[in-house]
Amino acid sequence: MCGIVGAVAKSNIVPMLIDGLKRLEYRGYDSAGVAVIKDQSIQRRVNVGRVAQLEQDIDFDQFKALTGIAHTRWATHGGVTEGNAHPHISKNNVALVHNGIIENHQELREELTAKGYNFYSETDTEVIVNKVDDFISQGSDLLEAVQKTVALLKGAYALGVICLSESGRLIGARSRSPLLVGIKDNEAFLGSDMSALIAVTNQFMVMDDGDIVDINNGQVTLYNSDGDVVERDVKTSSLSANAIELGQYNHYMQKEIFEQGQAIADTLEGRISADKVLEQSFGHEAAHIFDQTESVQIIACGTSYYSGLVARNWFEKFGMRCDVDIATEFSSRPHVVPEDALVVTISQSGETIDTLTALEKAKKWGYKYSLTICNAPESSLVRTSDLVFMTHAGPEIGVASTKAFTTQLVSLLLLAIVIGRRRTLEEKTEHSLVNELRSLPVKVEQALAQDQQIAKLAQRFADKHHALFLGRGLHFPIALEGALKLKEISYIHAEAYPAGELKHGPLALVDSQMPVIAVAPNNNLLEKIKSNIQEVRARGGQLIVFADQESGMDADAGIEVINVAPVDDTISPIIYVIPLQLLAYHVAVIKGTDIDKPRNLAKSVTVE
Ligand code: F6R
């Protein structure tokens, strides 16, 4: 949540800051702002709304500088107002951007107010900038003032700070919120992630929790939380500026839905042989850890949690006990910690604070091993897990997750296979599953070919206020994911139910105004779901059924059937989610919502 960019360079940095903000906008887009050191003063431009608006309001011929910071906000403390927009400034001396939440802001605010500081915003951030100024007024330089300030903070933060009297200097600090340092010749940058910096450099250092970076006229010095100078590896990002361009598509979500065949092929590459899953792709320690593993505990949020719910079916089918928790619930409930449990976190961003907190707690409570399935190579989850398995989905910019989900499913199936091998999964079943996995990219293309048919179907939703999604077994999580996609981007209230639960309550909601979407692949639950469909039909519900073309499900009064090409049951969730993604996308197009940046949401949820 919130995106930060900062720069100290040899030439004007304002265009780069704005470009960086645009690339970070997926993290938050309530308001945006930039502050630079110019003409012996700190000059700030802020706007409620999008970065594009800020860009329009800046006179680029006039507003030029060599040192500056910028921010795109996802509001936590304080409403969406210009006053609350970052950067925040103290006494026209210090400017600061912040991503995170400061828990002890009230006591710091009281202390600073007593010293004569006036607060103009409702944010927790303003206490930080004032505290830095306070230390500077007592004789500290900017670095020391930030070091002393962060020592007082409780909570999570990534900071970028500049000061009028040290005009070529930028200080960054992080604790439990992501921050990278970009390096280029005698210039250096700060960014919440590499997408912010990729247009200017592909060289970067990841800051550890507690690190403070001093960027002083191109010199970069890193300090750890003890104040000691530390070295961090300079890495080369594989991200390309083109990978995050929209190209021929209207929205990132559309682009990402259509990239799923390639993303799955990339995720499988090097991970399967002719007929086996290559266990080494989970890391050197993997074989040893999997040999010890007696149960699996999956932890994730949102869409990533739903991929975990699908995977539980696979783990248990192959003989391995598996629990799945929403991260915040995992952290909130009591646990009898099983012996030799493998904690599997799933995350697109690798920075979701709820998932990170749950992993920390799991380790503290005695869960023995950890593995993360993640799409962000240098993320906090990757750095704190024993084993790492990267989904190679590429950058996902649309706030509503699509290709991250399907590549998570592929990765989880690979994991279930290597662990299941040690249990009840037979060699010949593994061979046939690997074959099915190899055929997935083609099957994804077949599913995508139904795009126009689904676009037509979407017209029936545009005037609806509610929708019900039904699925059973492996496909209940797919119904959940379909409902989540619809509500996120079209703002239609959507619920998902296990089809068998219908008669225990939700059937009361069914009428002609409530479209009911059923996911009905051709498996051992087909006859049961057919009965559930009839229960809806008998009550005047309007059904849309996604069914295998060989399942014998015929269109009838009140039932529209969308045929899905036949697919093996185990991998079928990976295919059946695609028409639901397309449905949500086309409904949102008709409704004219902001598809890639739906209201109130942010892509990377780095606050609790
Ligand atoms: C929904 C969506 C969210 C994320 C959730 C977890 O479309 O994107 O529900 O899945 O916030 O995020 P990650 O996977 O980054 O941990």
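**Figure 1. Packing of the buried residues of helix H7.** The buried residues of H7 pack against helix H6 (252-258), H13, helix H14 (427-448) and helix H18 (572-591), where contact means heavy atoms within 4.5 Å. Helices (H or I, at least four residues) and strands (E, at least two) are DSSP runs, numbered from the N terminus. In H7 (residues 260-268), the buried residues are Gln260, Gly261, Ala263, Ile264, Thr267 and Leu268; buried stands for under 20% relative accessible area, exposed for over 50%, and partly exposed for values in between (1.4 Å probe, protein chains only). These residues lie on the same side of H7, because they cover an arc of only 165° around the axis, the arc being that of the directions from the helix axis to the C-beta atoms. Just after H7, Gly270 adopts a positive phi of about 75°. The model is predicted: local features need pLDDT of at least 70, side-chain atom pairs count only at pLDDT 80 or more, and totals for chains, interfaces and linings use all residues. Residues are numbered from 1 along each chain as its sequence is written, and side-chain values use heavy atoms, with hydrogens and water left out.

Figure 2. Met253 lies in H6 and is buried, with a relative accessible area of 0%. Apart from neighbours within four places in sequence, Met253 is in contact with Ala400, Thr402, Lys485, Ile489, Gln581, Tyr585, Ile595 and Asp596.

**Figure 3. Helix H13 against helix H14.** The axes of H13 and H14 come within 11 Å and cross at roughly 165°; axes are lines fitted to C-alpha atoms, for helices over the stretch in contact, and angles run from 0 to 180 degrees between N-to-C directions. This angle makes H13 roughly antiparallel to H14, given that angles under 35 degrees count as roughly parallel, over 145 as roughly antiparallel, 65 to 115 as roughly perpendicular and the rest as oblique. The crossing of H13 past H14 is left-handed, a term used if the near helix is turned anticlockwise from the far one by less than a right angle, with right-handed used if clockwise. On the H13 side, Val410, Leu413, Leu414 and Ile417 meet Glu430, Leu433, Leu437 and Leu440 of H14. The residues of this contact comprise seven nonpolar, no polar and one charged; Ala, Val, Leu, Ile, Met, Phe, Trp, Tyr, Cys and Pro count as nonpolar, Asp, Glu, Lys and Arg as charged, and the others, Gly among them, as polar.

**Figure 4. Helix H9 against helix H13.** Helix H9 (residues 302-317) and helix H13 (residues 403-420) have axes that come within 9 Å and cross at roughly 30°. H9 is thus roughly parallel to H13, and their crossing is right-handed. H9 contributes Thr303, Ser304, Tyr306, Ser307, Gly308, Val310, Ala311, Trp314 and Phe315, which meet Phe405, Gln408, Leu409, Leu412, Leu413, Leu415, Ala416 and Ile419 in H13.

Figure 5. Helix H3 (residues 105-114) packs on H4 at an angle of about 45°, with the axes 10 Å apart. The two helices, H3 and H4, are therefore oblique to each other, and they cross in a left-handed sense. The contact joins His105, Leu108, Arg109, Glu111 and Leu112 of H3 to Glu126, Val127, Asn130, Lys131 and Asp134 of H4. By class, the residues of the contact of H3 with H4 are three nonpolar, two polar and five charged. Val127, found in helix H4 (residues 125-137), is buried, with a relative accessible area of 1%. Not counting residues up to four places away in sequence, Val127 touches His105, Leu108, Arg109, Leu112 and Phe119. The C-alpha atoms of Val127 and Ser90 are separated by 9.3 Å, the residues being 37 apart along the chain.

Figure 6. Gln40, in the loop between strand S2 (31-38) and strand S3 (41-48), has a positive phi of about 55° although it is not a glycine. Gln40 counts as exposed, at 73% relative accessibility. The loop between strand S4 (67-73) and strand S5 (88-90) holds Pro87, and the peptide bond from His86 to Pro87 is cis, with omega near -5°. Asn92 lies in the loop between S5 and strand S6 (94-102). Although not a glycine, Asn92 has a positive phi of about 45°; Asn92 is partly exposed, with a relative accessible area of 36%.
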